[in-house]
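Biologist: I would like to go through this protein with you. Let us take it step by step.

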Amino acid sequence: MASAIVRSGLRTALRGSGGGGLRAVAPKRSFSSSSSAHEEAREAAKWEKITYLGIATCTGLAVYHLSSGHPHFEDPPAYPYLHIRNKEFPWGPDGLFEVKHH
C-alpha cells in the first residue's frame with residue numbers, strides 16, 4: 001500500500017502538477033542533421049581513402065591479369081562448306097567485312 005502512495009506521489013511530482021515538484025525533462029531528439037561537421041568530414045575522408053584503395057587494387061589486378069600469358073590455339077581447319085554463297089551480296093561478290101581479293 002505504501003509503495004502505491006509513493007508511486008502516485010512520484011507521478012504527480014514528475015508531471016509538474018504539484019506546484020513545486022520535480023519537472024520531467026523531455027528527452028532530446030537527435031536528428032541526422034544534428035551530427036557534427038567534424039564527424040561528417042572524417043567519414044568523407046574515410047570513404048575517399050577506401051575509394052582510392054579500391055581504384056589502386058582494381059588497377060593492379062587488371063595489370064596482372066592482362067600481362068599474364070594466355071593460351072594460343074591452332075587455327076581451325078578451313079572447311080569449304082562454311083563460306084557457301086548462293087546469292088550475290090548487294091555490295092559485290094565479297095562479304096562486307098572481308099578482305100577484297102581483286
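Modeller: One term first: a residue is buried when its relative accessible area is under 20%, exposed when over 50%, and partly exposed in between. Keep in mind that this is a predicted model.

Biologist: What percentage of the 102 residues count as buried?
Modeller: The cut-off for buried is under 20% relative accessible area. Of the 102 residues of the protein, the share that counts as buried is 3%.

Biologist: How many helices and how many strands are there?
Modeller: One of the helices is α2, which spans 37-67. The secondary structure of the protein holds zero strands and two helices.

Biologist: What share of the accessible surface belongs to carbon and sulfur atoms?
Modeller: The accessible surface of the protein comes to about 10,100 Å². Carbon and sulfur atoms hold part of that area, and their share is 64%.

Biologist: Which residue forms a salt bridge with K46?
Modeller: The count of salt bridges comes to one. The closest N and O atoms of the pair are 3.1 Å apart, inside the 4 Å cut-off. The partner of K46 is E43.

Biologist: Why are K46 and E43 separated by about one helical turn?
Modeller: Both residues sit in helix α2. The separation is about one helical turn because K46 and E43 are three residues apart in that helix.

Biologist: Which backbone oxygen does the side chain of S67 reach at 2.9 Å?
Modeller: S67 is placed in helix α2. At 58% relative accessibility, S67 counts as exposed. A polar atom of its side chain lies 3.2 Å from the backbone oxygen of Y64. At 2.9 Å, the S67 side chain reaches the backbone oxygen of V63.

Biologist: Is I84 buried or exposed?
Modeller: I84 is placed in the segment after α2. Its relative accessibility is 54%, and the limit for exposed is over 50%. Therefore I84 counts as exposed.

Biologist: What is the area of the nonpolar surface patch that includes I84?
Modeller: I84 makes this patch together with Y79, Y81 and L82. The nonpolar surface patch has an area of about 460 Å².

Definitions and conventions: Residues are numbered from 1 along each chain as its sequence is written. This is a predicted model: local features need pLDDT of at least 70, side-chain atom pairs count only at pLDDT 80 or more; totals for chains, interfaces and linings use all residues. Side-chain values use heavy atoms; hydrogens and water are left out. Patches are made of residues with over 30% relative accessible area and no salt bridge: like charges are joined within 9 Å, nonpolar side chains (Val, Leu, Ile, Met, Phe, Trp, Tyr) within 5 Å. Accessible areas come from the Shrake-Rupley method with a 1.4 Å probe; for residues, only the protein chains shown count as cover. A salt bridge is a side-chain nitrogen of Lys or Arg within 4 Å of a carboxyl oxygen of Asp or Glu. Helices (H or I, at least four residues) and strands (E, at least two) are DSSP runs, numbered from the N terminus. Buried means under 20% relative accessible area, exposed over 50%, partly exposed in between (1.4 Å probe, protein chains only). A polar contact is a pair of N or O atoms within 3.5 Å; within protein, one must be able to donate a hydrogen and the other to accept it, and residues adjacent in sequence count only if both atoms are side-chain atoms.
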